[in-house]
Amino acid sequence: MTRYWAGGGPSDYTIISGDTVTVGAVTGKNAVVVGGVDVVWWNAETGGTQYADLLNAVGQPVTSVPSSDTTDGRAFGQIPRVQYPDGVTGAWASAGGGPRVWMPADVGDQALATAVDLAAHKAQANGHGTGLANLTDVAVPAPGSRNVGDLLGVLPGGTFGTIPPSAAAGAVLLNPPASGGSYVGNTAQPPDPAQGQNGNPWLKLTQPFSGADDNPDAVQFFSTSSTGQSIKTGWFNGNGELRAAPSLPNRVAGRVFEAYENRGGPSTGRFFELSTNPSVAANREALLGAYGTGNSTKPGWIEATRVLSGLQGVRAGGSYNSLSGVNFRGQKTGTGAPTTGTWATGDAVVDAAGVLWLCTAGGTPGTWAGGGGSAVSVMPTWTQDTATVGTGTYRVYNPTASALTLRSVVASIGGTAPTGSSLIVQVRVDGTAVFTSGNRPTITAGNRYSGVASTFISANWPAGSYLTVDVDQVGSTAAGTKLTVQVLAY
């Protein structure tokens, strides 16, 4: 179908009645041009349906267009160009809800579309569907005297007509008809099943190999777009190698489907496969396979048997039971979580000891959790009878051979609660604070528990490193007593 243009002409304006005037014996009203009035189109003068499938002058979908207020470069009150829906050659226009008037589509557009359609019709091989029996220079026997397998060829005298296969030496029917279960006519020799996959094929195209791939394509398939453009969508090149391209950017060039439901589907086995091709078929290896949704153990799985070299990671999991996917990046040479490089949340790394580490916050080197292969958790504890401001001197070393991750710190008072101001502690790794001042474990005045503090500057506790605890502040009128600070790491 074709969209036609309307509007933008010398008579296409929005007009209202103005002052009353008298000319001779006739009394009437002035016509006043108005701008900025929305115009809509209908399929009937009264009632009917409003057209909503319109395109404005720049091709945008609209349901109405405003008459010009001169900011678009048009005359004041002129109705801009608009494209009607496919095949609509005229419509009833209403400005601002007023009476509807007939607005035909541009006659030139219609003439051009007709010329294009006529040219396409002329280019058709048989646009009118003329049959052989309709031609005066073709001899076609009556239906009852036609034989299955007859071919169309040149008859004595130069006219065309049906001839028996015996009169067409060398002709091959690519789709031979069957009669009584047997193929008739001059057909290709059927393949011998005993020869297997290396037997004679139904159809064989042979031509010299081209290293530059500049032989003509052996077979081509084309799709014709709605605008008449011919697009090559599938072909066997000059070396007989399959190629495919989509007809549109949002189309799929090739698909392999499971078995139909009424043919025993969905598929229960591997219905698609990319494999090696050794000389012995039994030695083939499936490099990539797609399993049917009816498979008992791998429903809908895509399975690769090898990992490509240079792969930056393998994305796995996600969406199952609301889980998120992880990126397996590989194995590092040392132990512990990565301490260098830039990482993303969800990256997973295995260290030299076989311990799994997960990046919980991306960065350089990011925040890591794990210690995977071990279920070791460490909870060192510091105590003071009466909280006293000072730098911690009691050390607790990482007791494992791998880096640990600090998980949380809590401070609590077992005796008298601090009064006047808060009691605040800080934890350090090898003398370096792990909390910013605003995130330190804090017991507010009159309370006995800090709550869980887990927002760290760095949560890494390397192997061989030690923790200390500082008391940065105590109650201003009474310090807390029986202070305990606990750190959880694993």
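**Close-up views of a predicted model**

View 1. Leaving aside neighbours within four places in sequence, Val39 is in contact with Thr14, Ser64, Val65, Ile79, Ala93, Ser94 and Ala95. The structure shown, here and in the other views, is a predicted model. Val39 belongs to strand β4, which covers residues 38-42. The relative accessible area of Val39 is 1%, so this residue counts as buried, the cut-off being under 20%.

View 2. Strand β9 (residues 90-95) pairs with strand β10 (residues 100-104) in the antiparallel sense, over five bridges. Within this pairing, Ala93 stands opposite Val101 of β10. Ala93 is also one of the contacts of Val39. Four residues lie between the two strands of the hairpin, and Gly96 takes a positive phi near 60°.

View 3. A pair of aromatic rings is described by the distance of the centres and the angle of the planes. The count of aromatic pairs comes to five. In one of them, the ring centres of Trp92 and Trp102 are 5.4 Å apart and the planes stand at 65°; the pair is therefore edge-to-face, for which the angle must be over 60 degrees. Trp92 sits in strand β9 and Trp102 in strand β10, 10 residues apart. Trp102 is partly exposed, at 46% relative accessibility. Because Trp343 lies in the loop between β23 (326-331) and β24 (347-350) and Trp368 in strand β26 (residues 367-370), the pair ties together parts that are 25 residues apart in sequence. Trp368 counts as buried, at 5% relative accessibility.

**View 4. The open sheet with β27 and β33 at its edges.** Four strands make up this open sheet, in the order β27-β35-β29-β33, with antiparallel pairing. The edge positions belong to β27 (381-386) and β33 (460-461); each has a single partner strand, so one side of each is left without a neighbour in the sheet. Strands β29 (residues 404-413) and β35 (residues 481-489) pair over seven bridges in the antiparallel sense. Ile413 has Leu483 of β35 as its bridge partner.

**View 5. Thr468 in strand β34.** Thr468 is placed in strand β34, residues 466-473. With 6% relative accessibility, Thr468 counts as buried. Not counting residues up to four places away in sequence, Thr468 touches Trp382, Gly392, Tyr394, Arg395, Gln426, Val427 and Arg428.

**View 6. The nonpolar surface patch at Val33.** Ile15, Val33 and Phe76 make a nonpolar surface patch of about 270 Å². Val33 is part of strand β3 (residues 26-33). The relative accessible area of Val33 is 35%, so the residue counts as partly exposed.

**View 7. Ala120 in helix α1.** Helix α1 (residues 107-123) holds Ala120, which is partly exposed at 46% relative accessibility. Ala120 and Gly228 are 108 residues apart in sequence, and their C-alpha atoms are 8.2 Å apart in space.

Methods: Residues are numbered from 1 along each chain as its sequence is written. This is a predicted model: local features need pLDDT of at least 70, side-chain atom pairs count only at pLDDT 80 or more; totals for chains, interfaces and linings use all residues. Side-chain values use heavy atoms; hydrogens and water are left out. Buried means under 20% relative accessible area, exposed over 50%, partly exposed in between (1.4 Å probe, protein chains only). Contact means heavy atoms within 4.5 Å. Two strands pair if DSSP finds at least two bridges between them. Patches are made of residues with over 30% relative accessible area and no salt bridge: like charges are joined within 9 Å, nonpolar side chains (Val, Leu, Ile, Met, Phe, Trp, Tyr) within 5 Å. Accessible areas come from the Shrake-Rupley method with a 1.4 Å probe; for residues, only the protein chains shown count as cover. A salt bridge is a side-chain nitrogen of Lys or Arg within 4 Å of a carboxyl oxygen of Asp or Glu. Rings of Phe, Tyr and Trp (its six-membered ring) pair if their centres lie within 6.5 Å; planes under 30 degrees apart count as stacked, over 60 as edge-to-face and the rest as tilted.
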